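This briefing describes the arrangement of strands, helices and chains in the structure shown below. The points are grouped by topic.

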Protein chains: 2
Amino acid sequence: MSLVVVGTVAFDAIETPFGKTDKIIGGAATYISLAASYFTSDIDLVSVVGSDFPEESLEHLRSRGVKMGGLQIKEGEKSFFWSGRYHNDMNTRDTLVTELNVLEHFDPVLPDSCKDADFVMLGNLTPAVQMRVIEQLTAQPKLIVLDTMNFWMDIALDDLIKVIAKIDLLTINDEEARQLSGEYSLVKAAKKIMKMGPKYLVIKKGEHGALLFYGDKLFYCPALPLEEVFDPTGAGDTFAGGFIGFLASSGDISFENMKRAVIYGSAMASFCVEKFGTEAIIGRDREEINARVHAFADLVQFTPDS
Amino acid sequence: MSLVVVGTVAFDAIETPFGKTDKIIGGAATYISLAASYFTSDIDLVSVVGSDFPEESLEHLRSRGVKMGGLQIKEGEKSFFWSGRYHNDMNTRDTLVTELNVLEHFDPVLPDSCKDADFVMLGNLTPAVQMRVIEQLTAQPKLIVLDTMNFWMDIALDDLIKVIAKIDLLTINDEEARQLSGEYSLVKAAKKIMKMGPKYLVIKKGEHGALLFYGDKLFYCPALPLEEVFDPTGAGDTFAGGFIGFLASSGDISFENMKRAVIYGSAMASFCVEKFGTEAIIGRDREEINARVHAFADLVQFTPDS
């Protein structure tokens, strides 16, 4: 089924305790599209770049089945650039540089062909921009997923609450769930957040896994303990891409299939952190992905009674 | 099979964001024995208290099958007292008062009847005191479990390394595993720590669950997301008590049964945090415990393929 991915396509420069990069390809929509492309080839990208963005990176996305009708290329302008340094714990980071560039006046335009998309993935962006996408839809999608972060809770909470009311599934991390709800217990936080609109909530806990909430139902997906954790950049977006790509491939949004999608998303994220940037999610195949999904199943397998 | 539990029996005064207590009954060995008593009734307690310790609390332990031959009662002296205040995140805390009292010169004496115990659980104590217990054993137990903390890594690392070399299973939290090994990746940390002696390692991650390592094998036990998290004091000890009590009840230390024991320990810990001190682990029954174990199984259940 058709999938529209909205978000940044950008340059990143990353420093971790294990090394640093020059400007590399990043952006939420890049990670989301690449991860989703392992499951479905009916993907439309809606984003904006400057004329400094390398054609071969766009060509790579096209070769993975990602359509570019919704990508604006701003002649003579520069692409969004973010630079950050991770602390030794790899969970916290300092932003060193944020150059909005083309993102400052980004007004997303959905091609007519994807205004009735079955699945819509709104990557982390200004809530008002995410809302502009929803306003252009001409039919109710099967599922609208929205990712956001504490930054928007701090400076654009009203807009964020308005857009959250329009979506089906929200993905945020545990601290953001606590901030948004004012509740310490994630169970209570989830109940409050689901009352704001979304029927589903995914709470991402980084190296501790993820929780999927739906009504009174709850699913805990662990993170695969890894020998090498090199760069967490894009792990949340890669998770979201694997998640929605897997759902879009069958169109089945039953809770059982959503649990499976959380595992596929986590499997994709587990590749992502093993190298810098998008490097480790490029060139995978379904066999490797399935092997990792089975590793998740083994990791938590036990029988209550002997 | 027989189980010896060594550790503190003490008074605590606890402050959390949700309330505070006067002096209540605490201590690692108290939590461990109470949790273990749901699975086995062949438990020997080795500890020390002052004459200020209430007889009815000892009587309660006795009524649960805990033998007191190894409990020293120091006439005219005061029991160990700890007081602490948890921060809003419930994961970090400040120690307000530590009065060692009888603990300052604690020299554990194992009754002859338990020098050939099958299972030995060494709760958090000075590493040299833990070693004194091991030295008194006349036969190799099936399993020696040791719990410790960062405090001993800071001030008694040499002694700690010596005692770790003598045990079968170590329980520490994730930050302590990183400190002890100098490795960020928990997979690498576990490999290094298992080279120090223990064949098994349990890394406790609080509200994020626990990891069991054994050679190349790995098991991830989630924590049950709870509506009410009231007081984390004793959760790690309650986990250890449920874990070793469950193992001692059958004597089966296969990896499959250890995974089960981790779940039973986590189930006991999930009760513990719902009220202050030992309150929520008193008066449980096997039916409630089994129901919670099945809740763990449901929480992570998924089928990789539709």
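In chain B of this predicted model, nine strands form an open sheet of mixed pairing, in the order β6-β5-β1-β9-β10-β11-β12-β13-β14. The edges of this sheet are β6 (66–74) and β14 (217–221) of chain B, each of which pairs on one side only. From one strand to the next, the twist averages 15°.

**Strand pairing and the helix across the sheet**

- Strands β9 (residues 119–122) and β10 (residues 143–147) of chain B run parallel and are joined by four bridges.
- Within this pair, V120(B) has I144(B) of β10(B) as its bridge partner.
- Helix α6(B) lies across two strands of chain B, β11 (169–173) and β12 (200–204). The helix runs at about 110° to β11(B).

**Packing of α6 and α7 in chain B**

- Helix α6 (residues 174–181) and helix α7 (residues 186–195) of chain B pack with their axes 9 Å apart, at an angle of about 60°.
- The angle makes α6(B) oblique to α7(B), because angles of 65 to 115 degrees would be needed to count as roughly perpendicular.
- The crossing of α6(B) and α7(B) is left-handed.
- On the side of α6(B), the contact is made by D174(B), A177(B), R178(B), L180(B) and S181(B). The residues contributed by α7(B) are L186(B), A189(B), A190(B), K192(B) and I193(B).
- By class, the residues of the contact of α6(B) with α7(B) are six nonpolar, one polar and three charged.

**Packing of α3 and α5 in chain B**

- The axes of helix α3 (residues 127–136) and helix α5 (residues 157–164) of chain B cross at roughly 30° and come within 8 Å.
- Helices α3(B) and α5(B) are therefore roughly parallel to each other, the class for angles under 35 degrees.
- The crossing of α3(B) and α5(B) is left-handed.
- In α3(B), the residues P127(B), A128(B), Q130(B), M131(B) and I134(B) meet D159(B), L160(B), K162(B) and V163(B) of α5(B).
- The contact of α3(B) with α5(B) divides into six nonpolar, one polar and two charged residues.

**Relation between the chains**

- The same surface serves both copies, as 100% of the contact residues of chain A recur in chain B.

**The contact between chains A and B**

- The contact takes 30 residues from chain A and 30 residues from chain B.
- On the side of chain A that touches chain B, the elements giving two or more residues are α7 (186–195), β14 (217–221), α9 (255–272) and α10 (286–300) of chain A.
- Helix α10(A) provides the largest share of that side, with five residues.
- The residues of the side of chain A that touches chain B comprise 19 nonpolar, five polar and six charged.

How values were computed
Residues numbered from 1 in each chain as written. Chains lettered and ligands numbered in written order. Predicted model: local features only at pLDDT ≥ 70, side-chain atom pairs only at ≥ 80, totals over all residues. Contact = placed C-beta atoms within 7 Å. Nonpolar A, V, L, I, M, F, W, Y, C, P; charged D, E, K, R; others polar. Axes fitted to C-alpha atoms, helices over the stretch in contact; angles between N-to-C directions. Parallel < 35°, antiparallel > 145°, perpendicular 65-115°, else oblique. Left-handed = near helix turned anticlockwise from the far one by under 90°. Pairing = 2+ DSSP bridges.
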